[in-house]
Amino acid sequence: MKILVVDDSKVARKYILRSIASIGIEAEFREAENGQEALSAYKEERADVVFLDLTMPIMDGYEALREIIAYDKDAQVIVVSADVQSEAKLRVLKDGAKNMYPKPISDEKMRTIFAEDIV
């Protein structure tokens, strides 16, 4: 499995990586600091799952989500954001995200993501 973790915070990326590893998911990981890097990484090496933050420099997560879905309508994007407003969740779901979760994601929530959201 290939997983792309996108967040401008290195700490947030590491937290997601640790959470995935702690539930026993073996994967090849790639990281990106903004939406533009995420889109390039996705096009280079299509990830099975993308964990995507919304608030980032250069290209935010909303635009990155739209671009990734335009490139691959079957992309599995899980949004992980501090923005917990219901409007944000509705927007990303409409734009093609599989689901949206607030930061930080617990190991239990990560288990749920892989059990229920990832096809």
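View A. Asp 7 is buried, with a relative accessible area of 1%, whereas Lys 103 is partly exposed at 30% (buried, under 20% relative accessible area; exposed, over 50%; partly exposed, in between; 1.4 Å probe, protein chains only). The two side chains form a salt bridge with an N to O distance of 2.7 Å (a side-chain nitrogen of Lys or Arg within 4 Å of a carboxyl oxygen of Asp or Glu). Lys 103 lies in the loop between strand S5 (99–102) and helix H5 (107–117), and Asp 7 in the loop between strand S1 (2–6) and helix H1 (10–22), 96 residues apart. Helices (H or I, at least four residues) and strands (E, at least two) are DSSP runs numbered from the N terminus. The model is predicted: local features need pLDDT of at least 70, side-chain atom pairs count only at pLDDT 80 or more, and totals for chains, interfaces and linings use all residues. Residues are numbered from 1 along each chain as its sequence is written, and side-chain values use heavy atoms, without hydrogens and water.

**View B. The salt bridge between Arg 13 and Glu 31.** The closest N and O atoms of this pair are 2.7 Å apart. Glu 31 belongs to strand S2 (residues 28–32) and Arg 13 to helix H1, so the bridge ties together parts 18 residues apart in sequence. Arg 13 is buried at 6% relative accessibility; Glu 31 is partly exposed at 31%.

**View C. The salt bridge between Arg 46 and Asp 72.** The N to O distance is 3.7 Å. Asp 72 is buried at 10% relative accessibility, while Arg 46 is partly exposed at 44%.
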